[in-house]
Amino acid sequence: MTSASSIPADWTLHRFPGGALCVPARFAGQAREAWFDAHRPDAAPVGEGGRQAAWFVDGEHGPAVLRHYRRGGLRAKLGRESYLWLGAPRVRAYAEVRVLDHLRRAGLRVPEPLGAIYWRKNACYRNAILIARIPGAQALASRLDRADPAAVARAIAAMHAAGVWHADLNAYNILFDADDQVWLIDFDRARLGVVSPEQAEKNRLRLRRSLVKVAGARGAQWWDALSRCLPP
């Protein structure tokens with residue numbers, strides 16, 4: 001059974017045959033399973049960094065991004081969208097909602113979570129998350145020439161200070177909005193707790209590899225500028 005402790009205190013649970021969804025209290029009377037359907041008529045695939053499992057959608061929840069959790073690499077052979085059921089608190093969408101809620105309360109620029117869902121079948125489950133779309137957002141990978149390394153360094157340092165380790169900090173998970181403000185996204189598998197210097201360095205090196213893959217020597221130079229702005 002889904003526990004209320006697996007979601008933020010000001011969210012509501014809606015159970016249905018085969019699963020459950022949760023949404024902020026303001027959507028309590030509107031939320032429905034169809035919000036999380038990748039085949040909904042208004043769904044448009046996210047091209048940049050979307051893993052072929054994210055869609056732009058709009059509706060009662062406002063402009064949003066719908067993302068279905070999907071495995072990569074060798075684990076995909078076991079089922080790209082199938083995960084072992086270990087209880088509601090371990091549902092990846094619910095865990096990401098908790099991290100986003102924590103960071104937003106800490107004052108960081110991360111997308112507002114608008115809902116999460118799981119569908120359970122025997123010992124496995126599938127899940128999805130709905131997050132608010134950031135107006136005019138562009139990934140760091142697309143705008144290195146116009147991106148401020150110091151601003152990105154501050155966002156990363158603030159995330160670590162808030163006790164969050166990002167599992168996949170890369171050039172597509174750092175966005176700039178229309179006002180050039182930095183946003184961090186995609187907190188699947190993120191960890192809440194004290195971030196050690198070693199964990200922080202692992203995040204930073206993951207970003208460096210991503211930048212080099214995206215932009216080669218120019219990406220490495222940009223990361224060098226970023227690293228000079230990071231705390232020791």
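**Figure 1. Ala106 in the loop between α1 and β7.** At 43% relative accessibility, Ala106 counts as partly exposed. This close-up, like those that follow, comes from a predicted model. Ala106 sits in the loop that joins α1 to β7 (113-121). Ala161 is 55 residues away from Ala106 in sequence. In space, the two residues are 9.7 Å apart, C-alpha to C-alpha.

**Figure 2. Asp101 and Arg105 pair within helix α1.** A salt bridge joins the side chains of Asp101 and Arg105, at 2.9 Å from N to O. Both residues belong to helix α1 (residues 92-105). They are four residues apart there, so about one helical turn separates them. Asp101 is buried, at 19% relative accessibility. That value falls under the 20% cut-off for a buried residue. Arg105 is exposed, with a relative accessible area of 59%. The pair also has a further partner: Asp10, Asp101 and Arg105 are linked in a network of salt bridges.

**Figure 3. Asp145 and Arg218 tie together separate parts of the chain.** The side chains of Asp145 and Arg218 form a salt bridge of 3.0 Å, N to O. Asp145 lies in the loop between β9 (138-139) and α2 (149-161), whereas Arg218 lies in helix α3, so their pairing ties together parts that are 73 residues apart in sequence. Asp145 is exposed, at a relative accessible area of 66%. Arg218 is partly exposed, at 42%.

**Figure 4. Glu201 and Arg204 pair within helix α3.** Here the side chains of Glu201 and Arg204 meet in a salt bridge, with 3.0 Å from N to O. Side chains of opposite charge can pair when their charged atoms come close. Glu201 and Arg204 are three residues apart in helix α3, so about one helical turn lies between them. Glu201 is partly exposed, with 32% relative accessibility. Arg204 is buried, with a relative accessible area of 12%. A search of the whole structure finds twelve salt bridges, and the Glu201 and Arg204 pair is a salt bridge too.

**Figure 5. Ser6 and the residues it touches.** Ser6 lies in the segment before β1 (11-16). Ser6 is buried, with a relative accessible area of 0%. Leaving aside residues up to four places away in sequence, Ser6 touches Ala88, Pro89, Tyr94 and Arg98.

**Figure 6. Asn122 has a positive phi.** The phi of Asn122 is near 55 degrees, a positive value in a residue other than glycine. Most residues other than glycine have a negative phi. Asn122 is placed in the loop between β7 and β8 (124-132). At 67% relative accessibility, Asn122 is exposed.

**Figure 7. Asp186 has a positive phi in a buried place.** Asp186 is not a glycine, yet its phi is positive, at about 60 degrees. The loop between β12 (182-184) and β13 (191-192) holds Asp186. Asp186 is buried, with a relative accessible area of 10%.

Definitions and conventions: Residues numbered from 1 in each chain as written. Predicted model: local features only at pLDDT ≥ 70, side-chain atom pairs only at ≥ 80, totals over all residues. Heavy atoms only, no water. Salt bridge = Lys/Arg side-chain N within 4 Å of Asp/Glu carboxyl O. Helix = DSSP H or I, 4+ residues; strand = E, 2+ residues; numbered from the N terminus. Buried < 20%, exposed > 50% of the residue type's maximum accessible area, 1.4 Å probe, protein only. Contact = heavy atoms within 4.5 Å.
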